[in-house]
Amino acid sequence: MKKIFVIGMGPGHPDYLLPAAKEALKQCDLLAGGARLIESAEAFSAKKVETFPLKGELKAWCHQLQEKMQQNPEGQTGLLLSGDTGCHSLVPVLHRYFDPNALILVPGISSIQLFLSHLQLPWTNGPVISLHGRRHQWMDVLRHHFFINLLTDAGSSPDLLAKELLDAGHTEAYMAVGENLSYKHQRLLLGTPAEIIQQAPYQMNVVVISLDATIIKHLQHRKLAMDSITRPSR
């Protein structure tokens, strides 16, 4: 059975790509995934590789990738995922179209993991929820846990989330936004919902929201130190 590498590419910058991922990339003849991930991965290839960018509907793309792999049955394929292979990744979807026993998962550093390290907060404060292409009752989760980590997209940008908080009466909430994490133009922003709205628009980001007074106090102290790790992009 030919194995398929499923490689967590980390938050973006190559400094955060794990050595095991780099070794897997060197073995690949075919790289499949998002265009940004393929561009990053090609720098670590030990040979000229074919690429298969992610386009269109996911089911059709998986079938097309299977056909592509059959053209070179001896070649090594690397499926590239952003962040970590176990944090709201496409692995459950891949199980529908590829033999799970053929997949070798190579973990990576998730954007949430990197952001929480900047904030000096543990994973265990609250759940991680993905809003990528979906609606989620995240407000109910926040009220239950008093803390939440959110993977966002254009339809759930920090300013829109902040407006939802204000509409729900959570003026006491405190937000942290990690934008373009790991890149030289990253921004790390902390503040009330009203302050976060003022910083819009936002690019690629993750968001942390807290209603917990102790964590809010911690974040307010962290805000004072953010200048040393924040590089404004505009």
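**Helix packing**

Analyst: Helix H6 (residues 138-145) and helix H7 (residues 158-167) pack at an angle of about 65°, with their axes 11 Å apart. Axes are lines fitted to C-alpha atoms over the stretch in contact, and angles run from 0 to 180 degrees between N-to-C directions. Helices are DSSP runs (H or I, at least four residues) and strands likewise (E, at least two), numbered from the N terminus. This is a predicted model: local features need pLDDT of at least 70, side-chain atom pairs count only at pLDDT 80 or more, and totals for chains, interfaces and linings use all residues. Residues are numbered from 1 along each chain as its sequence is written, and side-chain values use heavy atoms, with hydrogens and water left out.

User: Which residues make the contact of H6 and H7?
Analyst: Trp-138, Met-139 and Leu-142 of H6 meet Leu-161, Glu-164 and Leu-165 of H7 (contact means heavy atoms within 4.5 Å).

User: Which residues of H7 are buried?
Analyst: Pro-158, Asp-159, Leu-161, Ala-162 and Leu-165 (buried means under 20% relative accessible area, exposed over 50%, partly exposed in between, with a 1.4 Å probe and protein chains only). They line one face of H7, because they fall within an arc of 160° seen down its axis; the arc is that of the directions from the helix axis to the C-beta atoms.

User: Switching to H2, which residues are buried there?
Analyst: In H2 (residues 35-42), Leu-37, Ile-38 and Ala-41 are buried. Their arc is within 100°, so they line one face of the helix.

User: And what is exposed on the other side of H2?
Analyst: Ala-35 and Glu-39.
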